[in-house]
Amino acid sequence: MSRIICFSAVLVAISFPAYADVTVSKGSDAVISQVTDSEVIDITGVKVNTTDKGLEIILETIVGDKLKVLPKSEGNSFIADIPNAQLRLPTGNTFTQEKPITGITSVTVANLDAKSIRVTVIGEAGLLNVELFDDNNGLVFGVTAKPIEGASSQPERTGEAATQTDEPIELVVTAQKTEENLQDVPVSVTAIGAREIEDAGITNIQGIANNTPNFTVLSSSGGRFNTFYSLRGLSNSNFLSRSDTVSFYIDDIPLEGGLNIDQELIDLERVEVLRGPQSTLYGRNAQAGVVNIISKKPTNKPEVRASAGYGSYNARDLQLSLSDAIIPDKLFFRLSGGYKARDGLGKNTLTNENLGGQSSLSGRGQLLWVPSPDWTISFNAATSYNDDGGYAYASTTSKNRYDAALNESGNIQLSDNSQALKVSYDNPNFRFTSITAHRNSNQDSIGDGDVSPVDFFRNVNNFSTNIWSQEVRLQSPSDANQFRWLVGGYYESKDVNYLELYKFTPISQQFFGLFDTRRVAAESSGNIYAAFAQVDYKPIQPLTLTAGLRYESANTTLTRSNNFEVGGVAVAPAGQTFIDAETSSSELLPKFGVEYKFNPNLMAYASITRGYKPGGLNYRADVPGSLKFAPEKSWNYEAGLKSSWLDDKLIANLAVFSTQLENYQATLPDPVTGFFSSIINAGASINGAELELRARPATGLELSAGFGYTNAKYNNYSNPLTGTNYNGNRLPYSPEYTFNLAAQYRTAIGLLGRVELQGFGSYLLDDYNNIKQDPFVLVNARVGYERDNYGIYLYANNIFDARYITSGFEFPPPNVIATFGAPTIVGVQVKANF
């Protein structure tokens with residue numbers, strides 16, 4: 001009689017983390033443990049059979065001792081090493097079968113050495129999940145293969161049937177351009193999956209940041225324009241440079257961080273926030289980190305998802321998505337759209353108009369073609385339109401923080417469209433990816449320029465950007481283990497048009513004579529060329545050494561005029577004029593890292609990385625010598641631990657970091673008028689840490705916590721306009737700490753309860769450190785009732801109406817004006833999936 005080992009492959013969409021993350025059914029004779037020497041067992045036959053559920057791989061052995069199994073995952077591969085066994089087949093000592101069924105690339109059984117064998121099952125498109133159990137035939141491994149990339153095999157369900165679980169915490173990310181378990185990535189990463197996105201009600205970048213340590217987004221409660229953010233102390237407070245500190249991506253399309261990040265996000269699959277410089281794996285350079293937003297992919301079966309909501313301030317929210325296969329297993333589509341609007345939170349006390357209302361329309365279309373298992377071609381197109389009321393600037397001590405006395409209530413309109421073509425080729429020897437992307441945005445705004453009851457002047461502005469980018473990557477196959485490599489190139493062409501009109505009134509004309517307008521018009525063009533590479537090498541199995549290098553070259557040209565006008569005709573210069581001013585910079589950016597895996601549940605890593613943000617030309621320059629600003633550079637040091645406990649029911653990750661900045665780009669206001677017109681370079685130092693915890697202590701109960709600490713200060717900064725020394729001052733828009741706590745319970749009968757605490761330490765809003773926001777906490781709650789295909793929810797955000805500043809300026813000095821975050825918001829939401 002023979003002993004039989006079975007590996008059963010079933011094609012459903014579940015992923016599995018690295019190493020021994022294998023489910024062992026009760027009563028199994030399988031042994032997953034430390035290996036001890038014993039008699040070598042001969043395996044005399046290998047059979048591959050197709051079943052109604054997938055694939056069955058049978059290893060026939062002579063009756064003997066229980067076999068010990070050492071499982072792990074590498075890229076798309078499930079690998080099971082069986083010690084004290086040898087393959088002895090009549091046809092040789094290796095068995096291979098290519099593409100036995102759809103979803104499985106190959107099955108290989110071979111002798112690993114003189115006393116062990118290795119079974120390797122390679123999936124076509126991602127990590128594999130394995131269930132280990134016994135049946136009458138012997139030992140069985142249930143291998144789950146991910147479906148074709150981009151195409152989901154099953155429509156999602158709302159409610160407890162889909163998620164009421166106490167399974168191990170498994171988060172799969174593509175942070176390093178290959179699918180890996182989050183715990184295997186030697187970078188400080190926060191990953192938020194589709195279910196958590198829905199449970200937490202995340203619909204914008206601020207919602208992502210509020211669930212991420214050391215990431216802050218301060219969205220205004222009024223018009224959405226130039227939203228301020230900070231990641232590990234580095235912010236976009238230098239809004240004049242139009243250069244991003246963080247790289248934001250939606251489905252591989254880079255966003256303009258200043259203008260476009262505060263848009264409504266719909267139909268999301270997951271979000272990944274990588275902290276620290278990311279220059280050797282990504283096309284667009286990222287000095288502070290990367291925010292990867294991935295929308296849901298087309299499905300291979302019909303799917304309809306819809307939601308509707310209503311809340312405070314007449315808030316309306318509608319979303320709809322449709323997906324299906326045009327040609328099953330080959331060609332798929334997905335369409336999604338959303339509408340969101342609310343009334344203003346305050347009123348213009350001069351005109352009695354509603355102030356700060358918001359309205360958004362957004363849509364996205366995806367087409368996915370899989371002509372063969374090796375090729376994947378996708379085309380994504382998206383558009384959005386925001387139509388918002390103006391800013392409600394108020395005093396920091398104002399009783400009603402959303403009211404303002406303005407001669408012009410204001411309006412901000414932002415339209416945006418993007419397209420991307422992604423071509424991927426994946427074979428056993430290498431992977432190739434090409435991403436061609438285009439993004440165009442246009443913003444028109446009008447506002448009360450003096451932000452006061454005095455009718456002095458109006459602002460009428462237009463900003464438009466047009467960006468083309470091309471990224472190519474060639475990298476090692478997904479099952480590479482000892483040696484992984486990636487080489488790539490990136491090109492970006494960016495055109496920006498600026499138009500700022502200062503419309504004078506009869507009062508202001510007393511100062512400016514007959515002039516009725518000051519016009520600042522600028523056209524800027526820039527190009528970025530970059531080549532990057534990274535290699536990971538394992539000299540021994542637990543140890544990985546990483547080395548990477550990026551070369552980047554950037555150039556910018558600027559033409560600008562600044563004139564006083566009468567009736568649309570320029571009659572006198574109001575400042576400097578530049579014609580085809582030009583600047584360029586280039587830099588080599590190395591990265592060195594080391595990772596050591598003490599066991600499958602504990603990993604330590606450390607890295608040294610060079611950070612970089614290109615220099616440029618200041619379109620508002622009027623002070624002599626203020627046209628050009630130098631590239632911002634940094635050395636970044638990071639060390640961390642990643643661990644999982646209690647059969648992966650608890651994960652705990654810790655990172656510490658230090659960033660030393662040279663030529664930090666800071667924006668200076670005019671000391672008399674308060675207008676921002678200068679960019680200078682300074683020195684700064686940032687030190688901090690992050691801790692993240694996730695736990696599933698019981699069925700249906702999920703806990704998460706994050707804490708970030710940042711000490712970001714200037715160490716070489718003197719204001720050239722006033723001579724003031726800012727050494728020791730804190731960098732603006734960088735909270736001293738952040739924390740996020742969430743507890744959620746989902747019952748077997750469909751009841752859901754969730755409570756969140758999101759805390760922020762004090763932060764400053766200017767380089768002078770005169771405008772300060774004290775620590776505050778946002779408390780949110782959500783309850784709901786769910787079934788398989790629908791759910792109804794009640795929510796409340798900022799329950800205790802915390803008051804906090806989102807932007808602040810001295811205008812004119814020393815008068816301080818500010819915008820504030822949203823008040824208490826309550827509402828109801830209904831969701832349905834078919």
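1. Buried here means under 20% relative accessible area, exposed means over 50%, and partly exposed lies in between (1.4 Å probe, protein chains only). At 24% relative accessibility, Asp42 therefore counts as partly exposed, and Arg88, with a relative accessible area of 44%, is partly exposed as well.

2. The model is predicted: local features need pLDDT of at least 70, side-chain atom pairs count only at pLDDT 80 or more, and totals for chains, interfaces and linings use all residues. Residues are numbered from 1 along each chain as its sequence is written, and side-chain values use heavy atoms, with hydrogens and water left out.

3. A search of the whole structure finds 42 salt bridges, each being a side-chain nitrogen of Lys or Arg within 4 Å of a carboxyl oxygen of Asp or Glu. Asp42 and Arg88 form one of them, at 2.7 Å from N to O. This pair links distant parts of the chain, 46 residues apart: Asp42 belongs to strand 3 (residues 41-51), and Arg88 to the loop between strand 7 (85-87) and strand 8 (94-101). Strands are DSSP runs (E, at least two residues), numbered from the N terminus.

4. The side chains of Glu690 and Arg232 also meet in a salt bridge, at 2.8 Å from N to O. Here 458 residues separate the partners, with Glu690 in strand 43 and Arg232 in the loop between strand 17 and strand 18. Both Glu690 and Arg232 are buried.

5. In the salt bridge between Arg484 and Asp536, the closest N and O atoms are 3.8 Å apart. Because Arg484 lies in strand 33 (residues 483-504) and Asp536 in strand 34 (residues 517-540), the pair ties together parts that are 52 residues apart in sequence. Asp536 is buried, at 10% relative accessible area. Salt bridges with shared partners also join Arg195, Glu198, Asp199, Arg305, Arg746, Glu786 and Lys831 into one network.

6. The structure holds 30 aromatic pairs. Rings of Phe, Tyr and Trp (its six-membered ring) pair if their centres lie within 6.5 Å; planes under 30 degrees apart count as stacked, over 60 as edge-to-face and the rest as tilted. Tyr229 and Phe248 form an edge-to-face pair, 5.2 Å centre to centre with 75° between the planes. Tyr229 is in strand 17 (residues 228-231) and Phe248 in strand 19 (residues 246-250), 19 residues apart; both are buried.

7. The ring centres of Phe239 and Phe676 are 5.5 Å apart and their planes stand at 70°, so this pair is edge-to-face. The two residues are 437 residues apart, Phe239 in the loop between strand 18 (234-235) and strand 19, and Phe676 in strand 43 (residues 676-698). Phe239 is buried at 14% relative accessible area, and Phe676 counts as buried at 18%. Ring pairs link Phe228, Phe239, Tyr391, Tyr393, Phe676, Tyr733 and Phe809 into a cluster.

8. Two charged ends sit over the ring of Tyr793: that of Arg782, 4.8 Å from the ring centre, and that of Lys831, 5.5 Å from the centre. The criterion is NZ of Lys or CZ of Arg within 6 Å of the ring centre and within 35 degrees of the ring normal.

9. Thr738 is found in strand 45 (residues 737-746) and is buried, with a relative accessible area of 5%. The side chain of Thr738 reaches the backbone nitrogen of Asn214 at 2.9 Å.

Definitions and conventions. Helix = DSSP H or I, 4+ residues; strand = E, 2+ residues; numbered from the N terminus. Polar contact = N/O pair within 3.5 Å; in protein donor to acceptor, adjacent residues only side chain to side chain.
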